[in-house]
Amino acid sequence: MAETTEFKGMALAKAINESLRRALEADPKVLIMGEDVGKLGGVFRVTDGLQKDFGESRVIDTPLAESGIVGTAIGLALRGYRPVVEIQFDGFVFPAYDQIVTQLAKMHARSLGKIKLPVVVRIPYGGGIGAVEHHSESPEALFAHVSGLKVVSPSNASDAYWMMQQAIQSDDPVIFFEPKRRYWDKGDVNTEAIPGPLHKARVVREGTDLTLVGYGPMVKLCHEVADAAAEEGKSLEILDLRSVSPIDFDSIQASVEKTRRLVVVHEAPVFFGTGAEIAARITERCFYHLEAPVLRVGGYHAPYPPARLEEEYLPGLDRVLDAVDRALAY
Amino acid sequence: MTVESTAARKPRRSAGTKSTAGKRTTARNTPGAEPELVQLLTPEGERVKHAENAVYDKYVTGVTPEELRGLYRDMVLTRRFDAEATSLQRQGELGLWASLLGQEAAQIGSGRALRDDDYVFPTYREHGVAWCRGVDPTNLLGMFRGVNNGGWDPNSNNFHLYTIVIGAQTLHATGYAMGVAKDGADSAVIAYFGDGASSQGDVAESFTFSAVYNAPVVFFCQNNQWAISEPTEKQTRVPLYQRAQGYGFPGVRVDGNDVLACLAVTRWALERARNGEGPTLVEAYTYRMGAHTTSDDPTKYRADEEREAWEAKDPILRLRRHLETSNHTDEGFFAELEAESEALGRRVREAVRAMPDPDHFAIFENVYADGHALVDEERAQFAAYQASFADEEGGN
């Protein structure tokens, strides 16, 4: 750990790296596990240098077996360890999905609270990097639908640092979705500033005409949308959701009661997605405040397309602006 | 005893050092033949010692008559408990029951090989192992009655909750064992699973992980010949114990109806784990004499003759014959045990019927350790809904 408490212009990936380093230093029970996390430092270098400094028994290169990674992490947690496992890419989590859903999520409840499973499952997710198939998906809704799991996604370096700290300290399993196309985006990280709770959403830009809700890789896009809208005289408020389970509906409600319009943006397919849940709940809570239906912008009900089509598939500036215009037109 | 050939007395080669590929022998494939396995007690109760089983025999040479009676008692009481649970299901007191009938020796033999500080990861049929761990049998019935999804504190007895997803617990056992090794402890971990589970990816992955990390885990496969209606032939083309060879650790097949052999082989495997020699696969070759669960109908897929052949190898009868011929007991012992069995049955029956339904709000308890806003919100909604009935009742 550097002596300074303030890192200027730290990449999001590096912030996670520093956070993992801090956790490894603070608690000998914290372990890092996954394919290629050791010598290579992960395919995105998020764990770079950790094995060198903490050894192979703390930063563990595993066999190529996702169910095995999560299943053994459960066993290690039962023994008192706090494993942070890496699934190399979003589309590769499914071999581990059974262990996550039927075991990791439910053991605390089944044991009437006797068992705690402080396991963090890190998943680099989302598209926009020109990858081949299974390397660009956003499966967060599949995990948010499962009780017993917490699902979070940071959008910037500071949150990445602190949310990882909070995820590791949580006695609940946390699915930690890392926006891989933002890994190299830089931001300031204060390693001493006490953050808000992990589940709290945050207004990252004040506005009066419409609320944009996004999380992970979409927050940056939301800023671009708000900038463009501002040129047309429209004032957009941006809420960074940060947590997909639980969802901080109170903060969304407060914003919507002010702006009276809501557009939700995520990369995952719109159908049965995070946006559907938000639209339903906010309609219930804010029916008499809303001037327009809650609109959603996201992926289509189609397999994630080949890289040369992903710009069509992913929510972009124009698609979100179009939804903003439609909402404002009511 | 036609199926008990001389081959049965000849143990398999130890520790998977030689391949027996091509000599696949299972009872059903080769009528009249029995696969090679470690056996220390014949079905007639005769104690067998020879050069081939000596490596395992030494683990039970010091077993006293009192300990033998203890093993017998464990098996009889476990069977009595199991029979009571089956009856309770038929009477509508349990929603389901998975009987261990026929597998008492595999479970008691392996269970009694464990030390208190060892950790057990069972499936949902390990009632005999639970007994050995000191888990009150009535606690096993809560999940089958539907009042909870567990029923005991795993850390009180180092006996994990039953796992229903087939094979999932073998990875938990492996991870736990990796932790034991990291802690520098000399305890061991044992994972139970069945022949059907051997087809699951998680079991294969647990073999890989345990071998790669040299984890102190014993994989105890009770090959009871049937995964619901699927015979072992639908799971594997090689004897299951031979799977271990491909992962680089020893596999051994033991007569699963011979409690002494199960005790010896498990002790041997646990000692390997404690000594830092890594995992072992034990295949206890046994038979599920009853149905898979009370929902199953084995008459639709297996012949009566098969069960009858295995009944002749009954694990309890076998030890009784040995106790009697060795003059290790008198009639008083069996009579007392019979009375104890009946008392256990009565206690279980009464305990199940007295089990209270869980509190309605248990739905929302322990979903998260640190809490979750949605659970809080839905609990409040539920409370309001429940309270609306109270208001109605109060208003009328």
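Student: What's the count of salt bridges between chain A and chain B?

Tutor: In this model, which is predicted, the count between chain A and chain B is 5 salt bridges. One of the pairs to look at is B:Asp183 with A:Arg79, which form a salt bridge whose closest N and O atoms are 2.7 Å apart.

Student: And which elements of chain A give two or more residues to the side that touches chain B?

Tutor: On chain A, those elements are strand S3 (59-61), helix H3 (66-78), helix H4 (94-104), helix H5 (107-110) and helix H10 (274-286). The largest share of that side comes from H3(A), which gives 10 residues.

Student: What residue classes does that side of chain A have?

Tutor: Sorted by class, the side of chain A that touches chain B has 16 nonpolar, 17 polar and 13 charged residues.

Student: How many residues does each chain put into the contact, and how much area do they bury?

Tutor: Chain A brings 46 residues to the contact and chain B brings 42 residues, and between them the two chains bury about 3,500 Å², with 56% of that area on carbon and sulfur atoms. Polar contacts can be counted as well, and across this interface there are 25 residue pairs in polar contact, both residues being at pLDDT 80 or more.

Student: Switching topic, what's the reach of helix H7 in chain B?

Tutor: Helix H7 of chain B covers residues 168-183, and its 16 residues reach 23 Å from the first C-alpha to the last, which is close to the 22 Å expected at 1.5 Å a residue. Because 13 of its 16 residues are buried, H7(B) is largely enclosed by the rest of the structure. Just after H7(B) comes B:Gly184, which takes a positive phi of about 75°.

Student: Is B:Gly278 buried or exposed?

Tutor: B:Gly278 counts as buried because its relative accessibility is 0%, and the cut-off for buried is under 20%. This glycine lies in the loop between helix H10 (259-274) and strand S7 (280-285) of chain B.

Student: What does B:Gly278 touch, leaving out residues up to four places away in sequence?

Tutor: With those residues left out, B:Gly278 touches B:Asn214, B:Ala215, B:Val217, B:Arg272 and B:Ala273. As for B:Glu324, B:Gly278 is 46 residues from it in sequence and 39 Å from it in space, C-alpha to C-alpha.

Student: Last one, where is B:His322, and why does it count as buried?

Tutor: B:His322 is in helix H12 (residues 315-325) of chain B, and it counts as buried because its relative accessibility is 7%. Apart from neighbours within four places in sequence, B:His322 is in contact with B:Leu41, B:Gly45, B:Arg47 and B:Leu68.

Technical notes: Residues are numbered from 1 along each chain as its sequence is written. Chains are lettered from A and ligands numbered from 1 in the order in which they are written. This is a predicted model: local features need pLDDT of at least 70, side-chain atom pairs count only at pLDDT 80 or more; totals for chains, interfaces and linings use all residues. Side-chain values use heavy atoms; hydrogens and water are left out. Helices (H or I, at least four residues) and strands (E, at least two) are DSSP runs, numbered from the N terminus. Buried means under 20% relative accessible area, exposed over 50%, partly exposed in between (1.4 Å probe, protein chains only). Contact means heavy atoms within 4.5 Å. Buried area is the accessible area (1.4 Å probe) that two parts lose on being put together, summed over both. A salt bridge is a side-chain nitrogen of Lys or Arg within 4 Å of a carboxyl oxygen of Asp or Glu. A polar contact is a pair of N or O atoms within 3.5 Å; within protein, one must be able to donate a hydrogen and the other to accept it, and residues adjacent in sequence count only if both atoms are side-chain atoms. Ala, Val, Leu, Ile, Met, Phe, Trp, Tyr, Cys and Pro count as nonpolar, Asp, Glu, Lys and Arg as charged, and the others, Gly among them, as polar. The expected span of a helix is 1.5 Å times one less than its number of residues.
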